[in-house]
Amino acid sequence: MVSEKIRVGLLGITHPHASARVRALREIDGVEVVAAADDDPRLQYFTDKYEIEARTIDEVLGDPDINAVMVHSKSRDMVPHALRALAAGKSVVVEKPGGGTVDDLSKLREAELNADGLVVQVGYNVRLAESVGRAKELLDAGAIGEVVTVSARGAALVGEHLTAHLNQPADMGGVLWILGCHMLDTLVRVFGAPESVNARVHKSPRLSDEKSREDSAAVLLNYPDLSMTFSFDGHDHLEWFESSGITVYGTHGLIELGILPQRLRVYVDGPRAGFAAGWTEWTQSHFTPPFARTESNRFSELPELENISNFRPEMRGWIESIRTGAPIVSPVADALTVARIVDACYRSEQARGAEITLAPSSTD
């Protein structure tokens, strides 16, 4: 646990989430973001824009005053950077999905188990949307009775599947792995891990060439007592996450939740859990501000983020865990489960949709 001022350094700056987290951290008392390191020539632009020092990786890791590190590097370097930071006595948050492969996440999980009080968090923050938290509370309270069926959708903005970020050679997959992981992690947060997966992962010659990977996926997540489907589309023309959501059908009603804008629609067949019979609706925002900035930036090929509403609870959670030992809001164990689910999707596609069991590893 750390009670003094928390000073944060960055390893990697070319992911648009790097600046979002810097801005979210600067809203927290007693936290200072002081330095960033990257071998990318755009480092100086980033550090000038956010008024922090440009340093080497060794300088960041060797600074005894830096006690926390955010990793936003290429996927292949995420776990090596995190392991070096932990060895230097610094807590870490690693940009989702936490690495390029299941093996990467297994190594990170093993490191977490031996972290000796340091915090290891993966950068999943859609799970922290207020709509998700409210929906989980309602489900835990039995507001719609027993859950029978879940239908979920995830989507990525059209054109992102062609970027280098989504086609890194060391990654086990493309848009399903790098962006579909958000909604899969949210499902894991609410419902836990499935026992097995059936999936078809599609690539269309009308949408992609040999330089990019998959375009869409249709997934069955198999639980012992409920039916769950997940559809993913990498060519959505709407705002990020605008069409992403989850519908939960229960024995006494249903819950629909949206991510951006955050919203809930609850239907109950009679008075239950403080709700009158019929529909109750809640909406947090209508894209004020919009999710992404319209002006270009020079440190990332993806748009810089404007709406950081989910980054605020993520960063507050990370700092609170470092300071007080509070539970980690996005633990490595869940990120490892997501990696196994996505890996099972790819293996199921190779077997033309066959069922693939998710076997736990020795690091669980």
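The axes of helix α6 (residues 130–140) and helix α8 (residues 181–191) come within 10 Å of each other and cross at roughly 30 degrees, where axes are lines fitted to C-alpha atoms, for helices over the stretch in contact, and angles run from 0 to 180 degrees between N-to-C directions. Because of this angle α6 counts as roughly parallel to α8, a term used for angles under 35 degrees. The contact (heavy atoms within 4.5 Å) is made by the residues in the table.

| Helix | Residues in the contact |
|---|---|
| α6 | V132, K136 and L139 |
| α8 | T186, R189, V190 and F191 |

This is a predicted model, in which local features need pLDDT of at least 70 and side-chain atom pairs count only at pLDDT 80 or more, while totals for chains, interfaces and linings use all residues. Residues are numbered from 1 along each chain as its sequence is written, and side-chain values use heavy atoms, with hydrogens and water left out.

Helices (H or I, at least four residues) and strands (E, at least two) are DSSP runs, numbered from the N terminus. An open sheet is formed by 6 strands in the order β3-β2-β1-β4-β5-β6, with parallel pairing; two strands pair if DSSP finds at least two bridges between them. At the edges lie β3 (53–55) and β6 (120–123), each of which pairs on one side only, and the twist from one strand to the next averages 25 degrees. Within this sheet, strand β1 (residues 6–11) pairs with strand β4 (residues 68–71) in the parallel sense over 4 bridges, and the bridge partner of G9 in β4 is V69.

Technical notes. Angles under 35 degrees count as roughly parallel, over 145 as roughly antiparallel, 65 to 115 as roughly perpendicular and the rest as oblique.
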